[in-house]
Every structure is written in structure tokens, then in C-alpha cells.
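Keep the viewer open as you read.

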Amino acid sequence: MRIGIFAQKNKISVDTVRYYIDLNLTHPIRKGKYFYFENEQQDQLDRVLYLKNLNFTLDEIKKIISIDKLNKIETIIESNLYEQILLEKQRSVKKKLSIYLKH
């Protein structure tokens, strides 16, 4: 499907889809000047949207996806990288929560 239909199906703007493409969060098939989206790209977007719903930033999502792309990395190292990202997120959320509760 083309970008407009893909965006509409996922209830996001075409500009958002293009931004995710620019960030390498999804990789549509390019035919001439058009982008086409299939199941693989839907899976990629689903993951991005899921992580966004967990309040990960796009920068954090890029890190997570980059780790996944490193197929040659050993499981233990991969687990440590995930753990580091999650711990950073936990600290950030705790800080925001403490500031919120003080008000």
C-alpha cells in the first residue's frame, strides 16, 4: 500500500510516516518516487508505536531498534544493552515523578 493509506490505517500523519522513514525506524519499499508498505513495514511501525506508548522517546526507540539490527551481537551483551536503556528510562521516569509529586 502507498504511504497515504498506510498512514490513514495507522491513524498517523503522512509527515509522521516520512519522519519515521528519515529516522530509519521503518524501511518501505521504494518504487520510483513512491513508498510502498507491506507486512514487514507494519511490524516495524507497530513496534515503534508500542514503544512510544511506553513513553520511550524516538531516540531511545532508535537505540533499541539498532541493537536488534546487530544480529552478530551475543545474547548477553544484547541483554546488557537493553538493561542499560531500560535503567536510563527508569531513572528518567522517577525523576519526572518526583518533580510532579513535589508540586
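Predicted model: local features only at pLDDT ≥ 70, side-chain atom pairs only at ≥ 80, totals over all residues.

In helix α2, which spans residues 14-22, the buried residues are Val17, Tyr20 and Ile21. Buried here means under 20% relative accessible area, exposed means over 50%, and partly exposed is in between, with a 1.4 Å probe and protein chains only. Helices (H or I, at least four residues) and strands (E, at least two) are DSSP runs, numbered from the N terminus. Look down the axis of α2 and its buried residues fall within an arc of 105 degrees, so they line one face of the helix; the arc is taken over the directions from the helix axis to the C-beta atoms.

Residues are numbered from 1 along each chain as its sequence is written, and side-chain values use heavy atoms, leaving out hydrogens and water.

Back to α2. The other side of the helix has Asp15 and Asp22, both exposed. Its buried residues pack against α1 (3-9), β2 (34-36), α3 (39-53) and α4 (58-69), with contact meaning heavy atoms within 4.5 Å. Just after α2, Asn24 takes a positive phi of about 60 degrees.

Now hop over to α3. Gln42 sits in this helix, and it counts as buried because its relative accessibility is 11%. Setting aside neighbours within four places in sequence, Gln42 is in contact with Phe6, Lys9 and Asn10. Skipping residues up to four places away in sequence, Lys52 touches Tyr20, Leu58 and Ile61. Tyr20, remember, is one of the buried residues of α2.

Next, have a look at α5 (residues 75-102), where you'll find Leu97. At 46% relative accessibility, Leu97 counts as partly exposed.

Zooming out, the protein has five helices and two strands, and along the sequence they run α-α-β-β-α-α-α. Of its 103 residues, 27% are buried. Among contacts between residues at least 6 apart in sequence, 45% join residues at least 24 apart.
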